[in-house]
Amino acid sequence: MHDYAELYVDLCVVSMRATLNKDFAYAITPMKIMSWPVGTWPLQDYNILSAMRAIFTIFLVLLMLMIVQLEMYLDSSDAEKNLDGLVLITCGILAMSKILQFRIRPAGLISNFTSAVKDYNELNDQEKRVIVRRHAYMGRVAGISVVFFAYFGSTLFMTLPMLAAEEVEDIVNVTEDNTPEYPIPSEKVMELIKMPDNLYFIVFIVEYLMLLLTSNGNLGSDSLFFGIIFHLCGQVEVLRLEFSRLSNENEKAKEHFNVLSKRHVYLLNLAKMLDDTISSILAVQLFTSCILICTTGLQFIIALSVGNIVMVIKTFIVLSTLLVQLFAYSYVGEYLKRQMEGIGDSVYFCSWYDIPKSVAKDIIYVIMRTQDPVYLKAGRFFIVNMETYMSIMKTSMSYLSVLRVMINA
């Protein structure tokens, strides 16, 4: 009978480990798919191969920026092409900044992802597993949403120029050879370097690869960040659950409370590491998002007024991507703040009146610490939350209204 009991326990342990492995894969796999190709995956070996992936990505993004800037210099009269170039240059700069930041200063991400691996290995409570799984789902939704819009936008940059060219050819009935259309504005550059026509397909594929790597470096890095932030929020909620379960355990109460207090400090340090990692990038992100929302919104209004359906679709997708990305950062910052503040409420509503007085007195310090909110900050001074999102939206709409009046005048 004793052997059967041991066998049952072993089977339960194996089943639990298999479940946790599935949960870990569920949470980690999307982030790895997005970050590994550009060399920013925190759990990789930081060797020459990972460095080569990052260098290759940065090289292609830099090449794209050079081509777009030269194209804008050679053909500055095409406002539509210049606005497309502005979007690509901004996204390229953000992609390079995030890749370089995550490669040069990966300590915060490595610490958080290493902690996540340990958290999944030590997860042994069904209620906690549900919490962690729910936050993994939230991370997947946030990451997949921004990446979907990015890839869809990249594909539109590839297909819409061809559709536009066919539409013009049908309407005007052009008989002479047309200039080849490329995924990024580069027609004049290709003419300048006398690119052979038989290499058109190769150039087309390389430029599309540039767009995909830019999307991975920019919004793919965002999905990596969102995923680990949501995992951290899940661990904070687990800690809130542990604090709410505090009860009179005599001599063990003090020891248990000390463990929870150290865990609270540990999670605060992890949050600070993530904030330090993303702070400088967020400053550029918010500034460029405000500019691009204005310019793309103006482009959308002009295209709608002249009936340019191709540009309406393209600008709508670009504008949607910008808004989704900005909303995701704002929501993540707001959610992290609320979760950290919730620890104070959990401690206050626990059975503090039924535990030793020495422990009850220490509870005050935990509550005091939660009164100092944890924020995501852009440039260490601009708080990123839902209020920030509304403020940027109002500012962008105000500038957009001014630009529209100036165009109409």
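Analyst: Gladly; bear in mind that this is a predicted model. Counting cavities of 30 Å³ or more gives 3 of them.

User: What volume does the largest cavity have?

Analyst: The largest cavity has a volume of about 300 Å³, and its lining is made up of 23 residues, with Val87, Cys91, Ala150, Leu219 and Thr321 lying nearest the centre. Two or more lining residues come from each of helix H3 (79-104), helix H5 (126-172), helix H7 (200-244), helix H8 (251-306) and helix H9 (309-348).

User: Which helices supply its lining, and what is the class make-up?

Analyst: Helix H4 (107-121), H7 and H8 each give at least two residues to the lining of the second largest pocket, and the largest share, 5 residues, belongs to H8. By class, this pocket's lining has 6 nonpolar, 4 polar and 6 charged residues.

User: Switching topic, what does UniProt list as transmembrane region?

Analyst: The unreviewed UniProt entry lists residues 54-74, 86-104, 137-160, 199-219, 281-303 and 309-332 under that name. In the model, residues 54-74 are 100% helix and 0% strand, with their end C-alpha atoms 30 Å apart. Residues 281-303 are likewise 100% helix and 0% strand, and there the end C-alpha atoms lie 31 Å apart.

User: How do H2 and H7 cross?

Analyst: The axes of helix H2 (residues 48-74) and H7 come within 9 Å and cross at roughly 115°, and the crossing of H2 past H7 is left-handed.

User: Which residues make that contact?

Analyst: On the H2 side the contact is made by Phe56, Thr57, Leu60, Val61, Leu63, Met64 and Ile67, and on the H7 side by Leu209, Met210, Leu211, Leu213 and Thr214. Sorted by class, the contact between H2 and H7 has 10 nonpolar and 2 polar residues, and no charged residues.

Note on methods:
Residues are numbered from 1 along each chain as its sequence is written. This is a predicted model: local features need pLDDT of at least 70, side-chain atom pairs count only at pLDDT 80 or more; totals for chains, interfaces and linings use all residues. Side-chain values use heavy atoms; hydrogens and water are left out. On a 1 Å grid over the protein atoms alone, a cavity is a set of points where a 1.4 Å probe fits but cannot get out, and a pocket is an open set with protein on both sides within 12 Å along at least five of seven lines; lining residues have an atom within 4 Å of a point. Grid points are joined across faces, edges and corners, and a volume is the space filled by probe spheres set on the points. Helices (H or I, at least four residues) and strands (E, at least two) are DSSP runs, numbered from the N terminus. UniProt positions are given in the numbering used here, feature names are shortened, and annotations may be inferred rather than shown by experiment. Axes are lines fitted to C-alpha atoms, for helices over the stretch in contact, and angles run from 0 to 180 degrees between N-to-C directions. A crossing is left-handed if the near helix is turned anticlockwise from the far one by less than a right angle, and right-handed if clockwise. Contact means heavy atoms within 4.5 Å. Ala, Val, Leu, Ile, Met, Phe, Trp, Tyr, Cys and Pro count as nonpolar, Asp, Glu, Lys and Arg as charged, and the others, Gly among them, as polar.
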